[in-house]
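I opened a notebook page for this protein. I wanted to follow the chain from its overall build down to single side chains.

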Amino acid sequence: MIDHVGFEVSDLATSARFYDALFSRLGIRRVHSSDAAIAYGSHEPRFWIVQRGRTPAPGYGHVAIQAAGRAAVDAAYASALESGGRDDGPPGLRPQYGPRYYAAYLLDPDGLRVEVVAGGH
């Protein structure tokens, strides 16, 4: 349904460090880099971070990224914290979303809420 998603960031290098760490633990890689934009995906650019001189608003959105399992959620969460992310909910079961729903929540360097989830659907 979604072709791609893009988010404005205030500092491309800082945000790239966070997303490189997060996505590398999930088998997702950079597929595009320029002075103003970086895109991630398995083969095609699906998740973009873009710096255009606009100030992003913390908490304006939420993106959920699928992980292969609980170990991948844990690894991505830890790696992202080490790379400039902030905790917004440690890895764990979220039974309110389903019996197998296991997720972690982070805030990226601009305050965007990032969820890493396994067993969601």
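**Entry 1: overall build**

I looked up burial first. Buried residues make up 44% of the 121 residues in the protein. Buried means under 20% relative accessible area, exposed means over 50%, and partly exposed lies in between, with a 1.4 Å probe and protein chains only. I noted that this is a predicted model, in which local features need pLDDT of at least 70, side-chain atom pairs count only at pLDDT 80 or more, and totals for chains, interfaces and linings use all residues. Residues are numbered from 1 along each chain as its sequence is written, and side-chain values use heavy atoms, with hydrogens and water left out.

Next I checked the size. The C-alpha trace spans about 40 × 30 × 30 Å along its principal axes. The radius of gyration is 14 Å, which agrees with the value near 14 Å for a compact globule of 121 residues. That radius is taken over C-alpha atoms, and the globule rule is 2.2 Å times the number of residues to the power 0.38.

Then I listed the elements. The protein has 2 helices and 8 strands. From the N terminus on, they run β-α-β-β-β-β-α-β-β-β. Helices (H or I, at least four residues) and strands (E, at least two) are DSSP runs, numbered from the N terminus.

I also looked at contacts, meaning heavy atoms within 4.5 Å. Among contacts between residues at least 6 apart in sequence, 53% join residues at least 24 apart.

Which order do the strands of the open sheet take? I found 4 strands in the order 5-8-7-6, with mixed pairing. Strand 5 (62–66) and strand 6 are the edge strands, and each pairs on one side only. Neighbouring strands are turned by 15° against each other on average, direction ignored. Axes are lines fitted to C-alpha atoms, for helices over the stretch in contact, and angles run from 0 to 180 degrees between N-to-C directions.

I went through the pairings. Two strands pair if DSSP finds at least two bridges between them. Strands 5 and 8 are parallel, with 5 bridges. Here His 62 stands opposite Arg 113 in strand 8. Strand 7 and strand 8 (residues 113–118) are antiparallel, with 6 bridges. Tyr 102 has Ala 118 as its bridge partner in strand 8. These two strands form a hairpin with 5 residues between them, and Gly 111 in the turn has a positive phi of about 95°. Strand 6 (residues 86–93) runs antiparallel to strand 7, joined by 5 bridges. Asp 87 stands opposite Leu 106 in strand 7.

**Entry 2: strand 7 and its cover**

Is strand 7 mostly covered or open? I found it mostly covered, with 6 of its 6 residues (102–107) buried. In a regular strand the side chains alternate between the two faces of the sheet. Tyr 102, Ala 104 and Leu 106 are buried on one side, and Ala 103, Tyr 105 and Leu 107 are buried on the other.

I then turned to the helices. Helix 1 (residues 12–24) lies across strands 5, 7 and 8, at about 5° to strand 8. Helix 2 (residues 70–82) packs on the sheet and touches strands 6, 7 and 8. Its direction makes about 15° with that of strand 7.

**Entry 3: rings**

I counted 8 aromatic pairs. Rings of Phe, Tyr and Trp (its six-membered ring) pair if their centres lie within 6.5 Å; planes under 30 degrees apart count as stacked, over 60 as edge-to-face and the rest as tilted. Phe 7 and Phe 47 have ring centres 5.6 Å apart and planes at 50°, so this pair is tilted. Phe 7 lies in strand 1 (residues 5–8) and Phe 47 in strand 4 (residues 47–50), so the pair ties together parts 40 residues apart in sequence.

Phe 23 and Phe 47 make an edge-to-face pair, 5.2 Å centre to centre with 70° between the planes. Phe 23 is in helix 1 and Phe 47 in strand 4, 24 residues apart. Phe 23 is buried at 2% relative accessible area, and Phe 47 is buried at 6%. One aromatic cluster holds Phe 7, Phe 18, Tyr 19, Phe 23, Tyr 40 and Phe 47.

Entry 4: Arg 25 lies in the loop between helix 1 and strand 2 (29–33). Not counting residues up to four places away in sequence, Arg 25 touches Ala 72, Ala 75, Ala 76 and Ser 79.
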